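Hi there,

Here is the structure I promised to pass on to you. Have a look at it first, and my notes follow just below.

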Amino acid sequence: MPQVPLADYLILATVLFVIGLVGFLVRRNPITMLMAIELMWNAGNLVFAAFARNFGDMTGQVFVFIVITVAAAEAAISLAIVVMVFRHREDVDVDDISVMRG
Amino acid sequence: MIQSVAIDWNVIAPVVVLVATGLLVLVVDLLSRSAPRQLLYGIGIVGSLAAFAAMLPLRGQELTTFGGAFASDSFSWPFDVLLLLTLTISLALSCLGKAEDGANPGAYAALLIFCTIGGLILAGATTLIGIFLGLEELSLALYVLAGTGYPRRSSQEAALKYVLLGSLASGFLIFGMALLYGSAGSISLAAMSHAAYAGGPLFIGGFALFLVGVAFKLALAPFHLWTPDVYEGSPLAVTAFMAVAVKAAMFAVLARFAYVVFGHDASALVPLWILAILSMIVGNVGAIRQTNLKRLLAFSGIAQAGYLVLALAGVGRGGVATLVFYLAAYAFMNLGAFAVIALIGNGDELHADLSAYRGLAFRRPMVAALMMLFFLSLAGIPATAGFIGKVLLLGQAMGAGPWGVAMAVALIVGTLVSFYVYFQVIWQMFAPADAEAVASDGNAAVSWVAVAAGAVGVLLLGIVPQLLLAHL
């Protein structure tokens, strides 16, 4: 079976990371922004898994599991916060959420 | 073959005590819905003191557990003490009549305790997994705490901004950690020092992304944009906790990383020195126009984070002692200032506004004198902890080559600018009160204890610094 070279994984992960970052910067809906952040977290996961496979070392894969678990907790908390904000106004657009200035 | 990892429970006793306290608070809250919130916070304070008692036998020992992934050593010990002190004072300030806790005191107290556990893990972490888990435990709980004043719009806004930008920073951190793992072939910081020695694009890229994540949590410029809004929107006791505990925990990580990974050669840390200089400029200049004390202290915190980096300049000898001393000074003066804000308004958010301090020196001379003490210490006037701390920082930076000197100059210029900021607050207290000044007659005993703790700390460290320095 032909092996995919490590560099390809790293390039793919970097592309995912940049897509996530750009998505976060250009989108104005917090839920979409959170999805973009998930993409960045998973880009990191991909790098961990690729190196773990390359080294023949389990640590990187364990790290991936830990990141996935924390990401679930993070998603629960961030969505709860979005719901809390949404209850107090009709629309959620981060540009409108700016009582505080200065 | 599965290897069993021996766990030395003594080493993680403080963490275990805090976990038990957090769960106990939740159970008590569940069983008696009508329990007064002071009882729940009281349990938290007792648990925090018990965790401190559990730490006493660990002092001066170099222990590790979880296969070397968690350390309790002379490095982590002082950071742990600062974290527990902050937890105690924040819980005490939460007891006040008008303090906000989202009408759910059990969850609120448990979250503050879990935050502190995250900080303890960060201070003892010697691998990337420990750093990641500690950081996320600290952050996830704080995202919720920022929103506990939620009928207030600014609190909702604080929670949303914090969770979005905090998760973004974690994204940088994870990607950076993955590259560091790739460069070192291991997640332990000790192994990373070899990779640092060899250099290479993987390590440099990984460290850069890691630094972005850490700088965000520390509110170093230019990653500080969330700080003023989150500090202003969060409930008062949470802001006090955020200002001190997060900085202490993150500086523990940064210092351990700097000393273990870059101990032999600090030249790769130049980006950190640049962030420090930027923070000193942005923090002090940004504070000038603020009329809300929480916001003003947020900008002050950005500048102080920049000062604290000087302790690591050149990764030289005595750096950790300097760092701990200034962090202790920072903790006492900030907790003291937040405690005064809580004291006069009985925990009310309105008293974060600078206008509430007009004429305070005539109405409540004792409170005004204490507030003045904390702000003089923030400015770095002799006989206060802030002065000794800045002298130590300058000494550390001057011996660390051209970048050290550049940072020392930035500290002096920043301090001069900050005189204007802090004296403005003091000036307000001596200005004649206007007719619509909000009443500021809060007098709760518990807030007096917090103020007194801050004042004693600031004066003791300012007049007899040997008390602490002899033990570092």
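Let me start with the interface: chain B and chain A bury about 3700 Å² between them, and carbon and sulfur atoms give 81% of that area. Please keep in mind that this is a predicted model. Three residues stand out here, as Leu164(B), Phe175(B) and Tyr181(B) supply 18% of the area that chain B buries against chain A, more than any other three residues.

In terms of contacts, 41 residues of chain B meet 44 residues of chain A. I also looked at the polar side of things. The count of salt bridges between chain B and chain A is zero, while six residue pairs are in polar contact across the interface, with both residues at pLDDT 80 or more.

Which helices of chain B each supply at least two residues of the side that touches chain A? They are helix H5 (128–146), helix H6 (153–184) and helix H9 (227–233). H6(B) gives the most to that side, with 23 residues.

The other thing to look at is on the surface of chain B. Val456(B), Leu459(B), Leu460(B), Ile463(B), Val464(B) and Leu467(B) form a nonpolar patch there, and together they have about 510 Å² of accessible area. Helix H18 (residues 445–463) of chain B provides the largest share of this patch, four residues.

Technical notes:
Residues numbered from 1 in each chain as written. Chains lettered and ligands numbered in written order. Predicted model: local features only at pLDDT ≥ 70, side-chain atom pairs only at ≥ 80, totals over all residues. Heavy atoms only, no water. Patch = residues over 30% accessible without salt bridge, like charges linked within 9 Å, V, L, I, M, F, W, Y side chains within 5 Å. Areas by Shrake-Rupley, 256 points an atom, 1.4 Å probe, with all protein chains shown as cover. Salt bridge = Lys/Arg side-chain N within 4 Å of Asp/Glu carboxyl O. Contact = heavy atoms within 4.5 Å. Buried area = accessible area lost by both parts, 1.4 Å probe. Polar contact = N/O pair within 3.5 Å; in protein donor to acceptor, adjacent residues only side chain to side chain.
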